[in-house]
Amino acid sequence: MNTEIGRSVYSVKSSYFILRSEVLDGYCAIFLTPTGMLDIHKPATGVRMGDAYPQGLRFQMAKEEKGLKIADIIPNALGYFMVSARMKALLEQHAGVEIEFLRFTLLNHRGRVAGEDCYIANVIGVQDWVDAEKSDGTRKASNPNRFLFLRRLVLDNDKLDPEIRLFRTVTVPRLPIVRQDFKELLEREGMTGPTFYPVGAEVAFTP
């Protein structure tokens, strides 16, 4: 991580955090969408897949990352919130939001089954809780409410629901936001894969 960004991130006090997954040494990542998956934007933006999600879908470990271990929050280039069975169980018990779990099989670099109990955790819906004036980034020309590149995300405290611990925003729906107590729960449980960036900090993301 860029050191300048790092200093900005940890100088900001926040009760909410952007949840990202980063590749750890020895762990795998997913870069490509499998053939046969339609409406690929839906699980990245909180739109329900339902019966449109093909059963028995297989993703493959990216050849660019040689690790074979599967993290609890699986790094990927698809904008999905991809999780292990252990993380799924924690989300079901503690997240307190509607999540559509889309099961998939993960293949290793040679096309052999590495994990049959992996999931896209599709957090349903988006929240309009962003302070648009204080947030900063490159906006989408066809939809000014959506960022193509994010430099700073600021939430509107007057709009926040204090009961919700995990949510998406209209502005950057591909980036899950977690409340501090939920972040601390993931850390206590030793979940592998997540990196947390305080809301309000300077970042450099392409959501």
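Against which strands and which helix do the buried residues of helix 3 pack? In this predicted model, the buried residues of helix 3 pack against strand 3, strand 4, strand 5, strand 6, strand 9 and helix 4. The legends below treat this helix, its surroundings and several individual residues.

**View 1. The buried side of helix 3.** Met 87, Lys 88, Leu 90 and Leu 91 are the buried residues of helix 3. These residues lie on the same side of helix 3, because the arc they cover around the axis is only 165°. Just after helix 3, Gly 96 adopts a positive phi of about 70°.

**View 2. The packing of helix 3 on helix 4.** The axes of helix 3 and helix 4 are 12 Å apart, and the two helices pack at an angle of about 145°. Their crossing is right-handed. Helix 3 contributes Met 87, Leu 90, Leu 91 and His 94 to the contact, and helix 4 contributes Phe 182, Leu 185 and Leu 186. Classified by residue type, the contact of helix 3 with helix 4 comprises 6 nonpolar residues, 1 polar residue and no charged residues.

View 3. Strand 4 and strand 6 run antiparallel and are joined by 3 bridges. Val 83 stands opposite Tyr 119 in strand 6.

View 4. Strand 5 (residues 99–107) pairs with strand 6 (residues 113–123) in the antiparallel sense over 8 bridges. Two of the partners in strand 6 are shown: Gly 115 is the bridge partner of Leu 106, and Val 113 is the bridge partner of Leu 107. The hairpin has 5 residues between its two strands, and Gly 111 in the turn has a positive phi of about 85°.

View 5. Strand 9 and strand 10 (residues 177–179) pair in the antiparallel sense over 2 bridges. In strand 10, Val 178 is the bridge partner of Leu 166.

View 6. Thr 105 is located in strand 5. With a relative accessibility of 13%, Thr 105 counts as buried, because buried means under 20% relative accessible area. Not counting residues up to four places away in sequence, Thr 105 touches Leu 57, Arg 58, Phe 59, Val 113, Gly 115 and Glu 116.

**View 7. The surroundings of Ala 121.** Ala 121 belongs to strand 6 and is buried, with a relative accessible area of 0%. Leaving aside neighbours within four places in sequence, Ala 121 is in contact with Phe 81, Val 83, Leu 91, Ile 99, Glu 100, Phe 101 and Arg 168. Ala 121 and Pro 43 are 78 residues apart in sequence, and their C-alpha atoms are 7.8 Å apart in space.

**View 8. A buried residue in a loop, Ala 71.** The loop between strand 2 and strand 3 contains Ala 71. Ala 71 has a relative accessible area of 2% and is buried. Tyr 27, Ser 84, Thr 192 and Gly 193 are touched by Ala 71, not counting residues up to four places away in sequence. Between the C-alpha atoms of Ala 71 and Val 199, which are 128 residues apart along the chain, the separation is 24 Å.

Technical notes:
Residues are numbered from 1 along each chain as its sequence is written. This is a predicted model: local features need pLDDT of at least 70, side-chain atom pairs count only at pLDDT 80 or more; totals for chains, interfaces and linings use all residues. Side-chain values use heavy atoms; hydrogens and water are left out. Two strands pair if DSSP finds at least two bridges between them. Helices (H or I, at least four residues) and strands (E, at least two) are DSSP runs, numbered from the N terminus. Axes are lines fitted to C-alpha atoms, for helices over the stretch in contact, and angles run from 0 to 180 degrees between N-to-C directions. A crossing is left-handed if the near helix is turned anticlockwise from the far one by less than a right angle, and right-handed if clockwise. Contact means heavy atoms within 4.5 Å. Ala, Val, Leu, Ile, Met, Phe, Trp, Tyr, Cys and Pro count as nonpolar, Asp, Glu, Lys and Arg as charged, and the others, Gly among them, as polar. Buried means under 20% relative accessible area, exposed over 50%, partly exposed in between (1.4 Å probe, protein chains only). The arc is that of the directions from the helix axis to the C-beta atoms.
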